[in-house]
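Colleague: I would like to go through this model with you. I will ask what stands behind each label.

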Amino acid sequence: MDSTWQRIVDNLIGRVSGPMHFRLYLQPAMALLQGIRDGVKDYREGRPPYFWSIFTNRGHREELLKSGVKSVARVLAFAVVMDAIYQYIELRTFYPGEAVIVAFILGFIPYLFIRGPVNRLLKWWNSRQPRGRQGEYKVSR
């Protein structure tokens with residue numbers, strides 16, 4: 001078991017400087033764009049911040065997680081495919097668990113951490129506008 005974990009850690013570290021390292025920037029950027037889009041959508045629909053709601057809204061936790069995964073499904077699938085290509089080029093084999101770990105780190109975590117702050121930022125921005133000028137700067141709901 002220790003050798004398996006050592007292999008996983010070594011392979012994950014090898015991805016930083018190995019071929020196709022551009023995906024270490026591309027995949028989080030795609031996840032961030034998706035998170036920004038969904039954060040704006042949450043604001044327009046009057047939903048609470050995403051990440052915080054996962055912990056505080058027990059009744060809808062599963063639904064929230066499913067909607068998050070559904071929103072970034074393409075990003076996650078792209079991350080798995082890119083990692084599979086990397087593994088074929090560099091390792092000449094495919095470790096599905098490692099591909100899922102990489103997809104989660106590069107795809108879902110950035111999405112998770114940007115969606116709620118975008119919602120909060122828009123609420124804050126629109127709350128500070130003067131009463132007569134709110135419509136000029138407000139993101140339409």
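**Labels and their grounds**

Modeller: Of the 141 residues in the protein chain, 34% count as buried. Keep in mind that this is a predicted model.

Colleague: How many helices and strands does the protein chain have?

Modeller: Seven helices and zero strands. Read from the N terminus, the order is α-α-α-α-α-α-α.

Colleague: Why is the protein chain called more spread out than a compact globule?

Modeller: The globule rule gives 14 Å for 141 residues. The radius of gyration is 19 Å, well over that value, so the chain is more spread out than a compact globule. Along the principal axes, the C-alpha atoms fill a box of roughly 65 × 35 × 20 Å.

Colleague: What share of the contacts with a separation of 6 or more comes from residues 24 or more positions apart?

Modeller: That share is 76%.

Colleague: Take Gln34 in helix H2 (residues 23–44). Why is Gln34 called buried?

Modeller: Buried means under 20% relative accessible area. Gln34 has 13%, so Gln34 counts as buried. Beyond its neighbours within four places in sequence, Gln34 is in contact with Ser71, Val72 and Tyr111.

Colleague: What makes Arg7 and Glu98 a salt bridge?

Modeller: The rule asks for a side-chain nitrogen of Lys or Arg within 4 Å of a carboxyl oxygen of Asp or Glu. The closest N and O atoms of Arg7 and Glu98 are 2.5 Å apart, so the pair qualifies. Arg7 sits in helix H1 (residues 2–17) and Glu98 in helix H6 (residues 96–127), so this pair links distant parts of the chain, 91 residues apart.

Colleague: How do you class the two partners, Arg7 and Glu98?

Modeller: Glu98 has a relative accessible area of 2%, under the 20% limit, so Glu98 is buried. Arg7 has 27%, between 20% and 50%, so Arg7 is partly exposed.

Colleague: What is the N to O distance between Arg15 and Glu98?

Modeller: It is 3.1 Å, and the two side chains meet in a salt bridge. Arg15 lies in helix H1 and Glu98 in helix H6, so the pair ties together parts 83 residues apart in sequence. Both Arg15 and Glu98 are buried.

Colleague: What separates Glu62 and Lys66 in helix H4 (residues 61–71)?

Modeller: About one helical turn, because they are four residues apart in that helix.

Colleague: Last one. Why is Tyr88 called exposed?

Modeller: Exposed means over 50%. Tyr88 has a relative accessible area of 54%, so the label holds. Tyr88 lies in helix H5 (residues 73–90). With Val81, Ile85 and Ile89, Tyr88 forms a nonpolar surface patch of about 380 Å² accessible area together.

Key: Residues numbered from 1 in each chain as written. Predicted model: local features only at pLDDT ≥ 70, side-chain atom pairs only at ≥ 80, totals over all residues. Heavy atoms only, no water. Patch = residues over 30% accessible without salt bridge, like charges linked within 9 Å, V, L, I, M, F, W, Y side chains within 5 Å. Areas by Shrake-Rupley, 256 points an atom, 1.4 Å probe, with all protein chains shown as cover. Helix = DSSP H or I, 4+ residues; strand = E, 2+ residues; numbered from the N terminus. Buried < 20%, exposed > 50% of the residue type's maximum accessible area, 1.4 Å probe, protein only. Rg over C-alpha atoms; globule rule 2.2 N^0.38 Å. Contact = heavy atoms within 4.5 Å.
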